[in-house]
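User: Could you walk me through this model? I'd like the conventions spelled out as we go.
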Amino acid sequence: MRLSRRGLLRAGTAGAAATALGGLASGCAVPTGSTGRDMVLWYWSGGLSDTVVKNAKARYGGEVSLKAVQVGGYYRSKLITTMAGRAHIPDIAGLKGEDMASYLPNADQFVDLRTLGADRHRSGYLPWKWDQGLADDGTMVGFPIDCGPVAHYYQYAVFRRAGLPYEPADVSAELNTWEKFFGAGEQLKKRIPGTCLLTDVNSVFENAVQQGGKRYVDKERRFIGDQEHVRRAWDLAVEAKRRGIVSDIVNGTPDQLSAVESGKLPSQLGASWATSDIKNGVPKTAGRWRVADMPVRPSNNGGSFLSITKACRDPERAFRIITWLLDPANQARGYVDAGLFPSTPASYGMAELREPDPFFGGQVTMDVFGPAARKITVAYNSPYDVALGQPIKDEIKNVGVLGKDPRKAWSDAMGKCRRIAEHLGVSY
């Protein structure tokens, strides 16, 4: 299956971003931005609905010339470099959710959106998503664009043939724990030889971590990736491998595509935006799929923000544009156009999001994703989470794909984390 636009999360250390942005604060030069009459918006392909952006340019064209620029390549690096260079800085900048923690320690490089009246809009957005845009001191750096509630995608006919629950409500109710989910995987493999419930162990590990309220580094800059919440997710992933419910196929390869299409991989845990990946990656499976709740509780994967940089000459006008771009009606349009799941619950009942989806057997998938989005557990996101989570993800993948001994893999992961923590100044 092809890689999604959010499928490649950055694996570099968080310190680079913190250093690059932090260096701006020490200078005295005035940033070079717009004149106020000309305003520049930076985002990436698929980061906003092109229709909504076009409509914004028309709506505000009488008062400002809004230039919307889709920045290709490594977006975060280009934004940081531009800000450090103090020239051609965008007035409004998209901030990817997986990078948000690296921007928050440098909140002084952005306009505090609270000073522009952001709190008046707070009640219209998912509370947990709103809080992700806040720095530790309460400064609001990012205004919510989208989120990525995770659900269980499965092929209806395959589950039915395996004697498993197959209607979405029944799958949600009967596979509501990891134990029941794994048991379903064992039954699937027994009844239909050659099938596996999931592609790899990483989907178990990462979603189990994301279900909880802690990640890898806490607010006190201490490494907590060796604690029970991560070890529990690790043990679940190892158990999935031991019980044979995951394949030996590498995620994102042609082999996976073929297995999904043939029904050998009839199930996956994926975010709301994975609907587009499935439709585009395996179009011949149209009508076969349904969506149910993931085991235990939903997790989140993806979702971004809009910010106003200190280079902006007219923050009030920029904020009016942002709040219009991201109001419930436009967020609904963003979901239809670009698969951007709304961070505005008022969008969930709108007619365009209540349309039965033929690809999913006529199911109204919002009935699953909407409630899931409301139930995401809030967790502290450290700028060091990516760097210190990656060795653990790499080693659990080695267990799943290469058959590495889990005890050796865990020990190796902790050794790598210890060295990275020392390098970043994180206490271990």
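Analyst: Helices here are DSSP runs of H or I with at least four residues, strands are DSSP runs of E with at least two, and both are numbered from the N terminus. By that convention, R221 sits in the loop between α9 (202–210) and α10 (228–242). The model is predicted, so local features need pLDDT of at least 70 and side-chain atom pairs count only at pLDDT 80 or more, while totals for chains, interfaces and linings use all residues. Residues are numbered from 1 along each chain as its sequence is written, and side-chain values use heavy atoms, with hydrogens and water left out.

User: What is the phi of R221 like?
Analyst: R221 has a positive phi of about 65 degrees although it is not a glycine. Its relative accessibility is 36%, so R221 counts as partly exposed, where buried means under 20% relative accessible area, exposed means over 50% and partly exposed is in between, with a 1.4 Å probe and protein chains only.

User: And what about V296, where is that one?
Analyst: V296 lies in the loop between β8 (289–292) and β9 (305–308). Its phi is near 70 degrees, a positive value in a residue other than glycine, and at 43% relative accessibility V296 counts as partly exposed.

User: Switching to the whole chain, how many helices and strands are there?
Analyst: The protein chain has 17 helices and 10 strands. Its C-alpha trace spans about 65 × 50 × 35 Å along the principal axes, and buried residues make up 56% of the 428 residues.

User: Why does the radius of gyration agree with a compact globule?
Analyst: Because a compact globule with 428 residues would have a radius of gyration near 22 Å, and the protein chain has 22 Å. The radius is taken over C-alpha atoms, and the globule rule is 2.2 Å times the number of residues to the power 0.38.

User: What share of the contacts joins residues 24 or more positions apart?
Analyst: Such pairs account for 78% of the contacts with a separation of 6 or more in the protein chain, a contact being heavy atoms within 4.5 Å.

User: OK, helices now. Which residues of α14 are buried?
Analyst: In helix α14 (residues 328–338), the buried residues are N330, Q331, A332, G334, Y335 and A338. They pack against α2 (50–59), β4 (143–144), α13 (315–325), β10 (341–342) and α15 (366–374). After α14 comes G339, with a positive phi near 70 degrees.

User: How many residues of α13 are buried?
Analyst: Helix α13 is mostly covered, with 9 of its 11 residues buried, including F319, I321, I322 and W324.

User: How many aromatic pairs does a search of the whole structure find?
Analyst: The search finds 21 aromatic pairs. In one of them, the rings of Y335 and F341 have their centres 5.3 Å apart and their planes at 80 degrees, so the pair is edge-to-face. Rings of Phe, Tyr and Trp (its six-membered ring) pair if their centres lie within 6.5 Å, and planes under 30 degrees apart count as stacked, over 60 as edge-to-face and the rest as tilted.

User: Are those two buried or exposed?
Analyst: Y335 is buried, with a relative accessible area of 14%, and F341 is buried as well, at 0%.

User: Which residues form the aromatic cluster?
Analyst: One aromatic cluster is formed by Y153, Y335, F341, Y348, F359, F360 and F369.
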